Amino acid sequence: MADAVIPSFDFTAYLVKARDRVEEALDAALGPERPNQLREAMRYSLLAGGKRLRPILCLAACELTGESSKAAMSTAVAIEMIHTMSLIHDDLPAMDNDDLRRGRPTNHMVYGDAIAILAGDALLTRAFEMVSLRSPNVPVERLLKVVGELSLVAGAPGLVGGQVEDLQCEGKEVDLDTLEFIHTHKTGALLKASVVCGAIIGGADENLLSALRTYANGIGLAFQIIDDILDLTASSDVLGKTAGKDLIADKTTY
């Protein structure tokens, strides 16, 4: 019997196609917010580009269960909204104090601190609207699980806790456990949620969810290590944000 022919998979083409779909869904997810300045500020950061890895991971995890990725698109959009909120707030003068994000001025540099904070808040709450009210034909019990996952990742057990620990550790010597706590909460938590939530939408069982959590922990940590290295070795033009910022702020990094 001849060996089976394994079809080739074009990973780059997959990413490009998925990213285009995500961009279209993000554009359709906003408006018409009032006042207009709020809508502009939300769109300015949400539609600023980027790799869109988090929503793509969400769609891919849903596909892994055998479900169409269309079922997870609203959840994928919600995840990118939470991610964008975290970037807007991270860049504020009271936090990481950065003036460049994705190759252009940060939100607060364009709209001011107050509007930037409120735009981030609006994106965070819109994320839960996307899951709970704009996910047609997805069983309610799956949506409830996704809301729970996203609540944890966006709050003290996830992004907020990681950010506070990060701020408190500036200028200090910390051990590896503390460093990994910061990155698994500040960066890794949302990457993990991207994978897990997509699988939940697709109806994954506990065995698959457990395996995906392990996988997502690994890629979340790898993502942060690479990001820390690039902060020291790449230019601002390549990064799309201020290079060497971690060193200047005496951040705890790998």
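This is a predicted model: local features need pLDDT of at least 70, side-chain atom pairs count only at pLDDT 80 or more; totals for chains, interfaces and linings use all residues.
Colleague: Which residues of helix 4 and helix 7 meet?

Modeller: From helix 4 you have Thr75, Ala78, Ile79 and Ile82, and from helix 7 Val146, Leu150 and Ala154. Sorted by class, that contact has six nonpolar residues, one polar residue and no charged ones.

Colleague: On to glutamine 163. Why does glutamine 163 count as buried?

Modeller: The relative accessibility of glutamine 163 is 7%. Buried means under 20%, so glutamine 163 counts as buried. You'll find this residue in helix 8 (residues 159–168).

Colleague: What is glutamine 163 in contact with, leaving aside its neighbours within four places in sequence?

Modeller: Glutamine 163 is in contact with Asp90, Met95, Asp96 and Lys186.

Colleague: Now the charged pairs. What makes aspartate 27 and arginine 43 a salt bridge?

Modeller: Their side chains meet at 2.5 Å, N to O. The cut-off is within 4 Å, so a pair at that distance qualifies. This pair links distant parts of the chain, with aspartate 27 in helix 1 (residues 11–29) and arginine 43 in helix 2 (residues 36–46), 16 residues apart.

Colleague: Which arginines meet glutamate 129 in salt bridges?

Modeller: Glutamate 129 pairs with arginine 126 at 2.9 Å, N to O, and with arginine 134, also at 2.9 Å. Glutamate 129 and arginine 126 both lie in helix 6 (residues 113–133), three residues apart, about one turn of the helix.

Colleague: Why is arginine 126 called buried, and what is arginine 134 called?

Modeller: Arginine 134, with a relative accessible area of 28%, is partly exposed. Arginine 126 has 13%, which is under 20%, so arginine 126 is buried.

Colleague: Which residues do salt bridges that share partners join into one network?

Modeller: That network is made of Arg19, Glu23, Arg52, Glu80 and Arg102. A search of the whole structure finds 13 salt bridges.

How values were computed
Residues are numbered from 1 along each chain as its sequence is written. Side-chain values use heavy atoms; hydrogens and water are left out. Contact means heavy atoms within 4.5 Å. Helices (H or I, at least four residues) and strands (E, at least two) are DSSP runs, numbered from the N terminus. Ala, Val, Leu, Ile, Met, Phe, Trp, Tyr, Cys and Pro count as nonpolar, Asp, Glu, Lys and Arg as charged, and the others, Gly among them, as polar. Buried means under 20% relative accessible area, exposed over 50%, partly exposed in between (1.4 Å probe, protein chains only).
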